[in-house]
Amino acid sequence: MHFTIISGSHRSWSQSSKVANYLANNLPLGVEHNIIDLANNPLPLWNDHMWDSSSTEYQETSHIRHPMKEILTKTDALIIIAPERAGMVPAWLKNFFLYCSSQQLANKPALAIGVSAGINGAYPIAELKVSSNKNAQFFYIPQHVILRNIKDILNNSDNIQEREQKTIERVHYSLAMLKEYALAMIEVRKSWVSDIENFPYGM
Ligand SMILES: Cc1cc2nc3c(=O)[nH]c(=O)nc-3n(C[C@H](O)[C@H](O)[C@H](O)COP(=O)(O)O)c2cc1C
């Protein structure tokens, strides 16, 4: 069982990276992982050259795209960490989705995680669920996590307040549910009904 954790902030030393590392250290038993941190992953803004494998731009980004494609192809589930940016999902994360395809991700479950320095963080969850997965055809499980006041929590402190404890319980529950969905979906992807070739861009 393999999870891919996507840290959607392009800032170095971001809170989203902190969350990615926290999740990596708290995955359910038997789950391996990779982290794709968009801060260390200078995918250029997608443009038409990406259709053309002979273009310089296409070839110059192959050292980033190929390992990413390999990870996404082998993974069983995604954890998508989206820091709230002016009430939106960061543009870098939306750009990342342009590089994803149904060949890699169709019928794989994803856990959405919204991050806020304050008391918001709901907008990225809503936006992810409305627009991010149509072409790549992964899907969001009903559980999601909003991490508010992020600088104050998940710091591995000895002094955890009740509110942080409740959030951590939600994190563990959501990760456990993601594993169950991932297990179930392995069978769905094997089904003869699954037809990515004829429906590569979803519905
Ligand atoms: C340009 C910008 C816009 C932001 N907009 C929001 C926002 O709309 N709502 C919010 O709760 N936090 C907002 N924040 C704060 C983020 O929630 C905060 O940076 C958080 O720590 C996660 O970002 P990080 O992973 O890059 O550290 C914004 C931060 C930046 C840099």
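The model is predicted: local features need pLDDT of at least 70, side-chain atom pairs count only at pLDDT 80 or more, and totals for chains, interfaces and linings use all residues. Residues are numbered from 1 along each chain as its sequence is written.

User: In what order do the elements of the protein run from the N terminus on?
Analyst: Helices (H or I, at least four residues) and strands (E, at least two) are DSSP runs, numbered from the N terminus. The protein has seven helices and five strands. From the N terminus on, the order is β-α-β-α-α-β-α-α-β-α-β-α.

User: What radius of gyration does the protein have, against the value for a compact globule?
Analyst: The radius is taken over C-alpha atoms, and the globule rule is 2.2 Å times the number of residues to the power 0.38. The C-alpha trace spans about 55 × 35 × 30 Å along its principal axes. With 203 residues, a compact globule would come near 17 Å. The protein agrees, at 17 Å.

User: What is the strand order of the open sheet?
Analyst: Strands pair if DSSP finds at least two bridges between them. The pairing here is parallel, and the sheet is open with five strands. The order is β2-β1-β3-β4-β5.

User: Which strands stand at the edges of that sheet?
Analyst: An edge strand here has a single partner strand, so one side is left without a neighbour in the sheet. The two strands concerned are β2 (32-37) and β5.

User: By how many degrees are neighbouring strands of this sheet turned against each other on average?
Analyst: Axes are lines fitted to C-alpha atoms, for helices over the stretch in contact, and angles run from 0 to 180 degrees between N-to-C directions. For this average, direction is ignored. The turn is 20 degrees.

User: What angle does the direction of α6 make with that of β4?
Analyst: Contact means C-beta atoms, placed from the backbone, within 7 Å. α6 packs on the sheet and touches β3 (77-83), β4 and β5. Its direction and that of β4 make about 150 degrees.

User: Which residue in β5 stands opposite Pro109?
Analyst: Strand β4 covers residues 109-115 and pairs with β5 in the parallel sense over six bridges. The residue opposite Pro109 is Phe139.

User: What is the bridge partner of His2 in β2?
Analyst: β1 and β2 also pair in the parallel sense, over six bridges. Within β2, the partner of His2 is Glu32.

User: Which residues of α1 are buried?
Analyst: A residue is buried if 20 or more other C-beta atoms lie within 10 Å of its own, exposed if 12 or fewer, and partly exposed in between, with C-beta atoms placed from the backbone. α1 is mostly covered, with seven of its 10 residues buried. The cover includes β1, β2, β3, β4 and β5. The buried residues are Gln15, Ser16, Ser17, Lys18, Val19, Ala20 and Leu23.

User: Is Ser7 buried or exposed?
Analyst: Ser7 lies in strand β1, where five of six residues are buried. Ser7 touches residues including Ser14, Ser16, Ile35 and Ile81. Because 30 other C-beta atoms lie within 10 Å, Ser7 is buried.

User: Trp13 and Gln137 both have a positive phi; is Trp13 buried or exposed?
Analyst: Phi is near 55 degrees at Trp13 and near 65 degrees at Gln137. Gln137 sits in the loop between α6 (122-130) and β5 (139-147), and counts as buried with 22 C-beta neighbours inside 10 Å. Trp13 sits in the loop between β1 (2-7) and α1 (15-24). With 8 C-beta neighbours inside 10 Å, Trp13 counts as exposed.

Conventions:
Two residues are in contact if their C-beta atoms, placed from the backbone, lie within 7 Å. Lists of a residue's contacts leave out its neighbours within four places in sequence.
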